[in-house]
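Open the model in your viewer and keep the selection panel at hand.

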Amino acid sequence: MTVSYADQLQLRRMELLSAYGGRAPRYTSYPTAAQFTPDIGPATYAGWLSELPADASVSLYVHVPFCARLCWYCGCNTRAVTRPGVLADYISLLREEIALVEKHLPGPMKAHAIHLGGGTPNMTSVDDLTVLFATLRQVFRVAPGIEIAAEIDPAQLRPEWVRAAAFHGLSRASLGVQDLSPEVQAAVNRIEPFEVVARAARLLRRAGVASLNLDLMYGLPRQRSAHVLATLDAVLTLKPDRLALFGYAHVPWMKPHQRLIDETTLAGDAERLEQSEAAAERLAAEGYVRIGLDHYALPHDELAIALQEGWLRRNFQGYTTDEEGPLIGFGVSAIGETSRGYVQNSADEVTWRKAVAAGRLPTARGVAVTEDDRLRAELIQRLMCDFAVDVPAVEARQARRLAADPMREAALAGLARDGVIEDTAGVIRITELGRPFVRQVCAAFDAYLAPEALRHSRVV
Ligand SMILES: C[S@@+](CC[C@H](N)C(=O)[O-])C[C@H]1O[C@@H](n2cnc3c(N)ncnc32)[C@H](O)[C@@H]1O
Ligand code: SF4
């Protein structure tokens, strides 16, 4: 019997799991959120905002931490609400927060992207959505045609919300799907048949929302490769421009409701790897370009173009074509970034409310970035996006060198020996074999990573 190249690759990856299948950050930033501390609070953030160049263009993120139901796997900052008044109150506090931030800005800044995340932003009423956009437009110069994106729960999508969002410029919609098989849906408390997703996709497309992304997951309880593939078969009929395929991060010590999931029904590392690779193979056959750790895009999509042209980036929302620049986050747990560092609002809703109502910025923690962080951040970002980095070229551009570190050298030598990377005089390329272990390669450049980094999610 002959073993195909794909099978050989998979077998070798399974062997590597014991060495590299541990836990590592997802590197949506560097330093990662694990380095955020309360030392960075409202006063520091106010100073950072006032130092922004008046002509800089900013990206805006608004977090809506409410859902109609709580999916047991959910790792997002959200809670289930049934009373509509909760959302209206929240939006009015959000407006106050936007006004608080405005006080510290150098003037009316240009915004080049707006992202509504959650939770379920499409649970807002049309009036609240309109008021929110009006407030953002009062404070920021929002040019027509900029990217305006929203995360959407298809089960909660109302035609009037779609019309209003399209009127305000919604250009990209991201629908949560996860897995369509009834047994997996029952195991995670999210019953949502394909028709619900198809209807949402139709509503959005008819309203002129140009780009559609679907979120899928693997590694869910009771999920097998066959479920992942059947879900793909169904959703591919909707011709999404992008797909995200997230590996379920089971972190019950951070998200206690995940304890509702029966751990004995969760796939092990080898099976998770099989699920993600089966999906990758299927998507490649459909013409989707594999982007980074967990995204896929049709070749016409900006994400695929950015990858090809070398300007793909990674931020708190995952892979993005957002231009580099400050990010201002509003709402519970929202993260912001300026060239000075990262900040995060209180992730506790009551604390966030109290701060805003008292006229204080709700900044709870953050981290100031050093020159060394900036160098490592660029190296890690290129690895996460391009699966390759020219270390000497980045050092030359930043006019700074990595300090000698025998631990890093040993880690890279081991990765090269195992065929995970090829290292040619500091030009590091992650091999096809090594693809699932990209986070471990990045970890070699992470100056903060200690062995107790086991608190992160699984690598595959
Ligand atoms: C804000 S939700 C998407 C929109 C909407 N709330 C919904 O669920 O339909 C963001 C996405 O994060 C992913 N996600 C949530 N919890 C996760 C976890 N524990 N591990 C990996 N991905 C997760 C899911 O794919 C989900 O669609
Ligand atoms: S997956 Fe989406 S709908 Fe489900 S709880 Fe999380 S944010 Fe809410």
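How many nonpolar, polar and charged residues does the shell around ligand 2 have, by class? There are five nonpolar, five polar and one charged, where Ala, Val, Leu, Ile, Met, Phe, Trp, Tyr, Cys and Pro count as nonpolar, Asp, Glu, Lys and Arg as charged, and the others, Gly among them, as polar.

This is a predicted model, in which local features need pLDDT of at least 70 and side-chain atom pairs count only at pLDDT 80 or more, while totals for chains, interfaces and linings use all residues. Residues are numbered from 1 along each chain as its sequence is written, and chains are lettered from A and ligands numbered from 1 in the order in which they are written.

**Ligand 2.** Select C67, L70, C71, C74, C76, T78, G118, G119, T120, D153 and G176, the residues around ligand 2. A residue is taken as near a molecule if its C-beta atom, placed from the backbone, lies within 6 Å of it.

**Ligand 1.** Next, select the 18 residues that surround ligand 1; the closest are G75, D153, G176, D215 and F246. Two or more residues of this shell come from each of β5 (141-152), β6 (172-178) and β7 (211-218); strands are DSSP runs (E, at least two residues) and helices likewise (H or I, at least four), numbered from the N terminus. By class, the shell around ligand 1 has nine nonpolar, six polar and three charged residues.

**Helices α3 and α4.** Select 84-104 for α3 and 126-139 for α4: their axes are 10 Å apart, at an angle of about 0°. Axes are lines fitted to C-alpha atoms over the stretch in contact, and angles run from 0 to 180 degrees between N-to-C directions. The two helices are therefore roughly parallel, the term for angles under 35 degrees. On the α3 side the contact (C-beta atoms, placed from the backbone, within 7 Å) includes L87, I91 and I98, and on the α4 side V131, L132 and V139 are among the residues.

**Domains.** Colour 33-335 as domain 1 and 370-449 as domain 2; such bounds come from an automatic or database domain assignment. Their C-alpha centres lie 28 Å apart. Eight residues from domain 1 and seven from domain 2 make the contact.

**T370.** Finish at T370, in the loop between β16 (363-368) and α12 (371-386). Why does T370 count as exposed? T370 has 12 C-beta neighbours inside 10 Å, and exposed means 12 or fewer.

Methods:
Buried ≥ 20, exposed ≤ 12 C-beta atoms within 10 Å, placed from the backbone. Parallel < 35°, antiparallel > 145°, perpendicular 65-115°, else oblique. Contact = placed C-beta atoms within 7 Å.
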